[in-house]
Every structure is written in C-alpha cells, then in structure tokens.
Amino acid sequence: MDMNSLNWLGGKRFTLAVICASLSAVLLSGCDDDTQEVVQKEVTPSPCFWVGPYNIDHPDRNFAYPDTGANYWHAGYKLPSGAKLTLNGQYPHARYMSLNSYRLDTSPASSLTDQNIVPDLGSFNPYLQGAERQLSPRDFTIEIAQGEPDGEEAPNTLYDYVGAGDKSVLLYRIYVTDEGRDGLGDVPLPAVELTLESGEVLVGEQACSALQVDADNLSIPLVPAQTYQQVRANPAVEPAQNPAVWRAAYNGTFGFQCAFLGRCDGMPERQVTFYANADNQYVSTFLNNDFGAVAVTRGKLPSIPKTLISVPTYDESDSQLRYWSICQNEYYSQAVTACLFDEELTVDEDGYFTVVTSLLADKPINATNECGHNYLPWTEQGDGFGRVIEGGENRLNEALLIVRNMLPKEDFHQAIQNTSTPGDEYAVMGDYLPTTEYMSTEEFESLGCK
C-alpha cells in the first residue's frame, strides 16, 4: 500500500478490515470499489476564537521575538465546567503547522505538530514523508482537554494545563506558506465546536461567547522598566562582547542574569518562555556597533525540506531540520526587525552562509546576494527601551540576533536541542553554531564578492 493510501486511511490508525466493515454497512458495497466520492466536512467558521495574525506587519502584535517566516494566532478562553472543546481544521499549504498550549509563565505546556495530527477519515496529511502535498480533502479534528494528561496522551488531543475556571492560552502557527498562498496557507483558521455538559453543541459566535474568548492581544511579560533601567545604568554592564558570544536559551531568569549580571554558570532548567514554540530551540548573541559598524555572522546551514515553491511531494529524507532562521531583534521590546529563513539564504558551495547586519547608512555595497552575502538591517530602535546616554542621545547601538532550530532529526547531533550545559554550544554544534565578528564598512567592502 502506498503512502497516499495510508494517508487516506487516517494516518495508519485504522485497519483495512475495520474500514471495509464500516463502509459496507453504510454503502452496502465491498472495499474493492475505490471510486466512492469523498465529501469534505462542513464546519461553521469561528474567526471570533482567534486573535491575530501576530507578525511584523502589525506593530501592536510585533513582540515575543516573532519570526518573519511565520504567522501566529492566539486563542484565550475559559472552558465551562463539564464542557468539551473541539477544533476542526485543515492542513495548510506550508512547510509547518502546530498548536501549542501554555502555562501561566508563558512556557509551552502541550503541543501538536502537523505530522502527529491524524487526518479525518478520507482526508490526507500532506506532512508525512512521501505524501502528495496538494491533495485534498485535508481535514483534521483536535480535542482540547482541560488540565494535564493522566498517563499517556490521547491521540489528536491538546492539553491546556490549567485548572477549572482558569484561562487557557493556545497558539496556532504556520511557517513558510507556499509561494502564491496567503498567510494561512489558503485554508481557514480551525473552527471551534463546544459541547456543553448538557449535550448542547455550540459553534461560531455562540461558542465564542460561552468560552469568554479574548478579544485583545496577548499580554507579554516584560522586565520591569525600573529594574532594567537600574541594571543598564551601570556602565560595567554590557551584554554584547567582542568577539560576539552565542548562547543557547534556557529560561528567562537565567538569560537575564547571564546577559546583565554575568552569572552564566550552573545547570539551568530549559523552559523558554515568551510563548515559545515547543518545536524550536534558540541560540542568540547581543551586538553593539561600537565594536564595528558591520557585524558579520558566518556558519553552516543545516539541510531542510524545501517547500517554498509548492513542490508536489513532501520529502525530508535528506534533511537535518524542519526549519532554520536568523532574526534581528530588539531585546527589551521583543520586536523583530527582519529575518532570513533557510530557503531565503544565499550559501556557498559547501553550504556556509554569511549574514551582514548594519545600520542602512553603513551597509556595505557588496552585502548582496549577487556577491554571495545576505543582509539584515540593524534595528533602528536599539534594544527598544528608549534609554538615553549623556547629552540626551538615544542609545541605539545595540541589537540581538536569534537563530532557530526546529525539529531536528535524531541523527543530527549538532542541533541546538542537543546542548545541555551553558557554554557547551560550540562543542555540540561545531560549524552549525554561528560566529560573529565586527568590521568597518570599508573592511567588509574590501573583501569583494564571493
């Protein structure tokens, strides 16, 4: 049986005998007739359930270090006592899709990723190895369960990790939609279906009303302004170093202490907050153009499954990661300035990239794809805090680079996910850990092309 046949059978969760018996009872026909019409299920759209998209195009939703290769939507709601919540969705035409739930500290709690979501009977999951990516129907159904799993997690079930009466937060993500597709990958947002304890089923606006869904944007915790101002007022506190130091992310408290207090030792818990994606891990470095107008970052790009140009078949047989990106950010405001993801990068014949970042006024003339170089503009707001130095001049010399690794293969041992102790990044990642050095504009231009 080929992959598409397995896909049609709902992600290999049903045996042929069960399918045959079920269809025979309804259709009074055997399983040797494969011409039965497949009807896509009808659902009531419920855009009231989702807030978004969160991306660089919406300044009021550009926070929590978003990636410009992705679009995000959040849902905040309170599940009525005894009620059951279901999401009816469609797999988008994109590289990746997932749903995450979050704890109160904004760290990921439970997640469902595209490949692990079993399609509805008669539908196709385009994210399985060898699957035809453009097939339809492509429906799936997910149950949102309250609290934590009691033992093994049920299939197609997302757990919200909150108690009765508490607000749940979900994030729906789509990365790298196919060229020519919209930000949703040309499918609607998952529709909500609420079954009350009485058995009454609510959809659309009625369901949203009963769930008391959020109408406003997420609220992201920031370092208290007074604390940040006080710490940064110390001239000895400078998170950027020369040469730059790339560090893996562990948790918010450890990251702050390491960057601004120099406490980078120990065995911190890896629990990245700011509504991070459970499928990602991160390394980052602080930059300061006092060291040089141009920061030049080099490294080796892992192999990924290329999907941008709507390739017909999903193939990750030779990939090391599902997705990779590098982003220029503001540390304090958490805003993104610009990103480059894997398929956007120019690399050399050995798979190495060069990314140049500077203020636009300092951009080298050879920082172009034609010259084999990639360019990220330096953030114009520095750390996004609005600090000033003596004389009232805005302190805009700082920036933050973040690199993401998503869903590494088990045999890709150089992924960020395999780091475990602060300081082991280079030993684990080798050439896949970026290195960054500073130059003047003229020094970089003297390197020429390629």
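A disulfide here is a pair of cysteine sulfur atoms within 2.5 Å. By that rule, this predicted model has four disulfides. Numbered in sequence order, the bonded cysteines of the protein chain pair as 1-2, 3-4, 5-6, 7-8. The tour visits three of these links, among them Cys48 to Cys208.

**First stop.** Select Cys48 and Cys208, which are joined by a disulfide with an S to S distance of 2.0 Å. This bond ties together distant parts of the chain, 160 residues apart. Cys48 lies in the loop between helix H2 (16-27) and strand E1 (51-54), while Cys208 belongs to helix H3 (residues 204-211). Look along the S-S bond: the link of Cys48 and Cys208 is right-handed, with 80° about that bond. Cys48 is buried at 18% relative accessible area, and Cys208 is buried at 4%.

**Second stop.** Move to Cys258 and Cys264, whose sulfur atoms sit 2.1 Å apart in a disulfide. The torsion about their S-S bond is about 100°, so this disulfide is right-handed. Cys258 has 9% relative accessibility and counts as buried; Cys264, at 13%, is also buried.

**Third stop.** Select Cys371 and Cys449, a disulfide with S to S 1.8 Å. Here too the bond links distant parts of the chain, 78 residues apart. Find Cys371 in the loop between strand E16 (352-358) and strand E17 (374-377), then Cys449 in the segment after helix H7 (441-445).

How values were computed. Residues numbered from 1 in each chain as written. Predicted model: local features only at pLDDT ≥ 70, side-chain atom pairs only at ≥ 80, totals over all residues. Heavy atoms only, no water. Helix = DSSP H or I, 4+ residues; strand = E, 2+ residues; numbered from the N terminus. Buried < 20%, exposed > 50% of the residue type's maximum accessible area, 1.4 Å probe, protein only.
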